[in-house]
Structure formats: structure tokens, C-alpha cells
Amino acid sequence: MVGNSHSRGETSPKGVLMFVNEVVIERAICGESEAQREIYEAFYPRVYRLVRRIVGETDADDVSQDAFMQVLSKLDSYGGNAAFATWVHRVAVNQALQHVRSRNRHPTEPFYEDSMTGKDTRRQAGLSELLDAALRRIDVELRIIFQLKEIDGLAYAEIAQTVGIPEGTVGSRLNRARRELQVQLIDLGWEP
């Protein structure tokens, strides 16, 4: 049996509570396609957004699919020591980083997907483009930590488990990402 026997309630980036209980995980480990589909549907949007930020729009679908192939093939290695969502994130990040390293390139896609409306649309679009450009200039490892904290809202402990670094390192890299982002924003003409 995987971990303890209670449901693993996970909060999505949009604040929607998702339940992937251990029964579903066990059924998926046994190869039950319906259980695998439940896991896929619960986590694909979040994985896709994360992977897209790392590899770019062009390769996001393929790398996300590869990440889910890894998740589903390695379900039996999930021991329940971390939240299931954290484990899925880690598999996705590893797959995306492997792709980036193999292609030796950085993502070039916009960082924010939010649609803008109202009279501030042009100003917000300009700021969003500026932020996207600045983010493309910082190291991909720092960009991942920034996204996991600032966009996905993960706690330091979850980020540490996801990217495989000590929790204290998460804080120092997040601070470094923020500093580098500020430098890049100013370099691109932003005035604080």
C-alpha cells in the first residue's frame, strides 16, 4: 500500500482541491487505465504550465506527455513520503530539464497566460512582455524555482522536494532569482 490510507488532497494553482487517493494510485500501479486517466486529468494542466515555462510552447505538449509516461511508469516508486502533487512536479521538472539539457536551449514563451481586459490592457501587456523578456534572461533553474513559488504557490519544502535541493537552498535561489529578475527588468527599461 502507498503511504497512509487517507486521501491526498492537493490544491491546484487555481485553488481547486483535487483528490487523488491511494486507492486510485494503487489501481493505477496495477495498470488500470481509468485510474491512470484520473491521475492524468487531475494533474495535466498544472504539469503542462510548468513544463511550458521550462521548454517553451513548441515542445510543451511532447515533454508533458513524456513526463506523464514517466509518472505512470514510475508510480510504484512513489512511497508516500511527499505529497503526490510534489512527486508529480518533480518527475515533470526532471523530464523538462532533461529536455532542455539535450537541446541546450532556453524557453522563449511568455511567462503569464492571463488574459487582460479593461482600459489598462496595453499597460499590462507591456509589463507582461517586459517580465517575460526579463525571465528569459535568467537561468532556467532560477526561473523554475521562481515559478514554483510565485506562480504555483508551493511552499519551500515542496519546492525543495520537487527540484531535489535542500529547503534552505530554495530560499537563497529564490532571492537570487528575484535579484536577477530586478536587474534584468531595469536593464530592459523598467523603473521601480
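1. A salt bridge is taken here as a side-chain nitrogen of Lys or Arg within 4 Å of a carboxyl oxygen of Asp or Glu. The side chains of Glu38 and Arg27 meet this criterion, at 3.4 Å from N to O. Glu38 lies in helix α2 (residues 33-55) and Arg27 in helix α1 (residues 22-29), so this pair ties together parts that are eleven residues apart in sequence.

2. The model is a predicted one: local features need pLDDT of at least 70, side-chain atom pairs count only at pLDDT 80 or more, and totals for chains, interfaces and linings use all residues. Residues are numbered from 1 along each chain as its sequence is written, and side-chain values use heavy atoms, with hydrogens and water left out.

3. The pLDDT, which is the predictor's confidence in each residue on a scale from 0 to 100, averages 79 over the chain, and 78% of the residues score at least 70. Over residues 1-17 the pLDDT is below 50, although this stretch has 46 contacts in the model beyond near neighbours in sequence. Residues 105-116 also have a pLDDT below 50, with 41 contacts of that kind. Contact means heavy atoms within 4.5 Å.

4. Eight helices and two strands are present in the chain, and their order along the sequence is β-β-α-α-α-α-α-α-α-α. Helices (H or I, at least four residues) and strands (E, at least two) are DSSP runs, numbered from the N terminus. Among contacts between residues at least 6 apart in sequence, 63% join residues at least 24 apart.

5. Of the 192 residues in the chain, 42% are buried. Buried means under 20% relative accessible area, exposed means over 50%, and partly exposed lies in between (1.4 Å probe, protein chains only).

6. Which residues of helix α6 are buried? In this helix (residues 140-151), they are Val140, Leu142, Arg143, Ile144, Ile145, Phe146, Gln147 and Leu148. At the start of α6, a side-chain oxygen of Asp139 comes to within 3.0 Å of the backbone nitrogen of Glu141. Gly153, which follows α6, has a positive phi, near 70°.

7. Ile144 counts as buried because its relative accessibility is 2%. Apart from neighbours within four places in sequence, Ile144 is in contact with Ile54, Val93, Leu97 and Val163. The C-alpha atoms of Ile144 and Arg53 are 7.8 Å apart, while the two residues are 91 residues apart along the chain.

8. Gln95 belongs to helix α4 (residues 84-103). At 15% relative accessibility, Gln95 is also classed as buried. Beyond neighbours within four places in sequence, Gln95 contacts Val63, Asp66, Ala67 and Gln70.

9. The structure holds eight salt bridges. One of them joins the side chains of Arg137 and Asp187, at 2.6 Å from N to O. Arg137 is in helix α5 (residues 121-137) and Asp187 in helix α8 (residues 167-187), so the pair ties together parts that are 50 residues apart in sequence. Arg137 is partly exposed at 42% relative accessible area, whereas Asp187 is exposed at 55%.

10. A further salt bridge links Arg176 and Glu180, whose closest N and O atoms are 3.1 Å apart. Both residues lie in helix α8, four residues apart, about one turn of the helix. Finally, salt bridges that share partners join Arg27, Glu32 and Glu38 into one network.

Key
Polar contact = N/O pair within 3.5 Å; in protein donor to acceptor, adjacent residues only side chain to side chain.
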